[in-house]
Amino acid sequence: MTCCAPLLLLLGGLLLQPARAGSHSLRYFHSSLSGPLPGVPQFSIAGYVDDVPIVGYTSESRRYQPRAPWMERITAEDPRYWEVETEISRGNEQVSKANVRTVMDRVNQTQGLHMVQWMFGCELRDDGSVGGFRQDAFDGHDFLSFDKDRQTYTAAMDAARITQDRWNSERSIAQYYKDFLEGRCIEYLKKYLKLGAERLQTVAPQTMITRRKNGGRTFLTGYAYGFYPRDIEVKWVRNGVEMPWESMDILPNPDGTYQAQKTVEVQEGDDEKMYNYEVDHSGLPDTVSVMYGECTLVCRGDCDSGAHIDFIRSLA
C-alpha cells in the first residue's frame with residue numbers, strides 16, 4: 001500500500017468518506033501510471049477496512065503483503081492466502097498497465113504521464129443490509145461507475161462510452177460484480193473484522209471544553225477524542241439552536257483512534273452556559289451534550305494551541 005498520498009487524493013473523496021455510523025467497509029484502490037515517477041510505484045494496490053490499511057501490493061515489491069499486523073494471522077485458516085493474492089495482483093498489474101494505454105489512446109493523449117485508478121468495495125451496515133461500489137477514473141476524473149442495484153455501468157466521459165456499451169451488453173459482467181460485492185466481499189470483510197477485532201472495535205469519544213479570551217472576545221472549543229471509527233458528528237448549540245456550520249478538524253492519534261475539535265465564539269452579553277457542545281458517535285448510546293463548566297481542565301499555556309493537558313474528567 002505504498003502508493004503515494006497525492007495519487008490517492010486525486011479521488012480522495014471515496015477514501016476519506018467513512019462508512020456510516022455503526023457500519024464497516026472493505027475498500028480497494030488500484031493505481032496505475034503510464035510511466036515511471038521517482039519515488040512512486042508504477043502500479044499499486046491499497047486495501048482498507050474502514051479507514052485502516054490492511055493489505056498492499058506494488059510493482060516494486062511484486063508481493064501482496066499485510067499492512068496491519070493482525071492480518072498475518074489469516075494464514076492460520078488460509079495458508080495460501082498471500083500466494084494466491086500475489087498472483088491475482090500481478091495479473092491486475094498487467095491489465096491495469098494496458099488500461100492506461102487504452103484510455104490514453106481514446107482521449108488522444110499518447111504523451112506525458114497519466115494515471116488510471118480502479119476502486120471498489122462493500123459496506124456492511126448496522127442493520128444487516130449491504131452496499132457496494134466500483135468506480136474507474138482517469139487522471140483524477142471520473143471515467144466509469146457501476147450501479148450495483150441496477151446492474152449497469154455509466155460513462156462519465158465520452159472516452160468511456162465504448163466500455164460502457166460493451167459491458168452493459170454483456171450482462172454476465174454486471175451480475176458477477178453484483179454477486180461479488182454482496183457475497184465474497186462481505187464474507188472477507190467479516191473475516192477481517194474478526195481478525196482485527198481488538199484494533200477495529202468501536203471506541204466511544206471522550207469530551208471536554210476549553211475557554212479562550214482574545215481581545216475581549218471569548219471562544220469555546222469543544223473536543224472529542226480517543227474515538228473509533230472516524231465517523232463523528234459534533235456541533236455547537238445555543239439555546240437549543242444549532243450554530244452556523246464551521247469547519248471541523250478530525251485528526252488521527254498514534255494509537256489509531258481519532259480526535260475532533262470545533263470552536264464557537266460566544267456572542268456579546270451571552271452566558272457561556274447557553275452553549276452546549278453535542279457529540280454523536282456510533283460508540284455512544286445517545287448524543288452527548290456538554291456545557292462549559294461541567295468538566296474540569298487544567299492545562300499549561302494556550303489550550304487551543306495544543307498545550308499539554310494535565311487532567312480532564314470525561315463526561316462521555
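Analyst: Glu 233 stands opposite Asp 280 in β15. That contact belongs to the antiparallel pairing of strand β11 (residues 233–238) with strand β15 (residues 275–280), which runs over 6 bridges; strands pair if DSSP finds at least two bridges between them. This is a predicted model, where local features need pLDDT of at least 70, side-chain atom pairs need 80 or more, and totals for chains, interfaces and linings use all residues. Residues are numbered from 1 along each chain as its sequence is written, and side-chain values use heavy atoms, without hydrogens or water.

Both strands sit in an open, antiparallel sheet of 4 strands ordered β12-β11-β15-β16. Its edges are β12 (241–242) and β16 (288–291), each pairing on one side only. Helices (H or I, at least four residues) and strands (E, at least two) are DSSP runs numbered from the N terminus.

Now to the rings: the structure holds 17 aromatic pairs, with ring centres within 6.5 Å (six-membered ring for Trp; planes under 30 degrees apart are stacked, over 60 edge-to-face, the rest tilted). Phe 120 and Phe 180 are edge-to-face because their centres are 5.9 Å apart and their planes meet at 65°. Phe 120 lies in strand β5 (residues 115–124) and Phe 180 in helix α5 (residues 171–182), 60 residues apart. Phe 180 also forms a stacked pair with Tyr 176, at 6.4 Å centre to centre and 20° between the planes. Tyr 176 and Phe 180 are 4 residues apart in helix α5, so about one helical turn separates them. One aromatic cluster includes Phe 120, Tyr 176 and Phe 180, with Trp 118 and Trp 167 also among its members.
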